[in-house]
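Subject: Structure handover

Hi,

My notes follow below it.

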Amino acid sequence: MTTLLHRRHTAPGLNELIESAPRERASLCDDHRRSLAARFRAIASVDHRRLDAWMVEQAGKSGGGFRWSPSTARRTLGNAALRRLTHETNLSMIEAVNDELMDQLLRAAAGHARRGTLAWWLAGISHAELGLVSAEAVNWATQLVEIARSLDFEWKVSSSDAYYDVARARTTLRGRRDLEIVRDDARVIVRLRSGSPGKSAGPGLRSDLTIETLAHPDGLAPARMIGIWPEAGVCLSVDGTMDDLRSGARDLVRTAVVQQRAKTSIAA
Amino acid sequence: MTLLTSPSPRCAIEALRGERTLRPLADTTTASGLRSVLEDGIYQILGTSKPPAPHVVRASSLRQNPQTTDISLSPLGRIRGVLVNQVLRLLSVGVKVERPFDEALLAWRLDAGTSELLTSLDRLDSDEMARLATDVTAHSITLIRSLGDVPARWLPRSSVRATQLLSGGSVILRDVIDLMVGSTSSPVASVALFDVTTSPLGEGAERTMRYHALVQTLRSSVVPLRTSTFSTATGEMWSLDVDAELLLRSANEVLSALESMTKSS
């Protein structure tokens, strides 16, 4: 049985979700990792596979190719700006976002940005377009800081997403995370999402939970993974139990199978 | 005897949040009551039947009688509205806008990718495009002159979307607030909503202001301090303090709009 909870997104509701996170957590050992790798290896693939919660939610359907836009750039810039703001408290949110933009532009000007990276894309757009990118990033970072400030617990902005390379299976798993709350020795992970949660939001959250656990050096699951949809005013959460981890792993494997079948049918 | 009245605000943004010391405590209890009113009202209209597609209520659903024609909803009117909104987004993050039409168009193209309105824009001939550029520039200048600087410490965010599912998803309330300032985590009410319209203000604008406050209350569970609307056609700004009565009125307007929708469908 999995542990999906649905709450309205209010400050007391969110704090209660963190407070009530279970103390006992599951962990993934080497046997679990080997078993998962064997399942991924069984799905033959020529190309390198990259899987994340979004693909699980889309049931393995591949959308159009990725392209940078104000909406796709906002999370990277917004989270970086909030990280900067926690160190440089005298900055305003707009200044922190503009400083991040400036860093990216300097990287591109110095020739350190590869084609297709955020810095490379930002270097090619106009002043007005940069303004819009800044507005989107400010929206994201403000939403995140509003959530963080409503917490009764210590929090930090995640320094990066969780990545896990499945051994000899040409597969990389990516789990998104925005805020980390550590209480006692348990950690709660918060993800900020756009739009409204669909029917597959639970499997998406469980996939993030599984990837987060796999990426942990000791394979320790977070006590709870919370997804917040501020546009809809809704929170969903799943606990770091073995059932949820197994369910997340199954969804990831199933997504890889669906993707592989789609590729095979195109080739046929 | 000389009477001194309080000085009128110098700019729209100053009027938006008013006197800091007069702000009431944040109301975090009204939202659940409003939700019940809406759920009960929707049950009376829809009963137990589940519509094949959800009824979507937007600010435009409340703005006017469906039998009347509003020229601001024509493709050109909508394009003008979108472009002026892009100017507001740029101003909200402190960008100095010197060529409003060109800059707004660049920002919109980057944001929208492909859309029906962009296709309509691309079909305009040079005369129509020139007229649109003049129109957008005039509206934007009114906005730039009246808005004033948006202080960064007020946490401005632009084009804030909200979606509320009611009655198990049978009714969806959708809204986009052009500019929002203030914090929902503050102990006093400090969130102010600012809507920009390129039409003259009328009864519909008042309903839209109330609708913004209602959806924001349902979304965040915190009642905003104030809801305002600014017309770039006339330079007029209306502002209302948000209270339970205003929110209840908007809930009833949503239910009336839903009733009209179900009758017409």
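B:Ser159 counts as buried, because its relative accessibility is 14% and the cut-off is under 20%. The model is predicted. B:Ser159 sits in strand β2 (residues 157–166) of chain B. Its phi is positive, about 45°, although the residue is not a glycine.

B:Ser167 also has a positive phi without being glycine, near 50°. This serine lies in the loop between β2 and β3 (171–181) of chain B. B:Ser167 is partly exposed, at 25% relative accessible area.

Next, the cores. The largest nonpolar core has 81 residues. Those with the most contacts inside it are A:Trp121, A:Val133, A:Ile226, B:Leu83 and B:Phe194. Helix α7 (residues 127–149) of chain A gives the largest share, twelve residues. Another core, of 31 residues, lies apart from it; A:Ala26, A:Val166, A:Ile189 and A:Leu252 are among its members.

What does A:Ile226 touch, leaving aside neighbours within four places in sequence? Its contacts include A:Leu14, A:Leu17, A:Ile18, A:Val188, A:Leu205 and A:Cys235.

Last, a helix pair. Helix α5 (residues 93–109) of chain A packs against α7(A) at an angle of about 130°, with the axes 9 Å apart. The two are therefore oblique to each other. The crossing is right-handed. On the α5(A) side, the residues in contact include A:Met93, A:Val97 and A:Leu101. On the α7(A) side, they include A:Val133, A:Ala137 and A:Ala141. By class, this contact has eleven nonpolar, three polar and no charged residues.

Best wishes

Conventions
Residues are numbered from 1 along each chain as its sequence is written. Chains are lettered from A and ligands numbered from 1 in the order in which they are written. This is a predicted model: local features need pLDDT of at least 70, side-chain atom pairs count only at pLDDT 80 or more; totals for chains, interfaces and linings use all residues. Side-chain values use heavy atoms; hydrogens and water are left out. A nonpolar core is a set of buried Ala, Val, Leu, Ile, Met, Phe, Trp, Tyr and Cys residues joined through side-chain atoms within 4.5 Å. Buried means under 20% relative accessible area, exposed over 50%, partly exposed in between (1.4 Å probe, protein chains only). Helices (H or I, at least four residues) and strands (E, at least two) are DSSP runs, numbered from the N terminus. Contact means heavy atoms within 4.5 Å. Axes are lines fitted to C-alpha atoms, for helices over the stretch in contact, and angles run from 0 to 180 degrees between N-to-C directions. Angles under 35 degrees count as roughly parallel, over 145 as roughly antiparallel, 65 to 115 as roughly perpendicular and the rest as oblique. A crossing is left-handed if the near helix is turned anticlockwise from the far one by less than a right angle, and right-handed if clockwise. Ala, Val, Leu, Ile, Met, Phe, Trp, Tyr, Cys and Pro count as nonpolar, Asp, Glu, Lys and Arg as charged, and the others, Gly among them, as polar.
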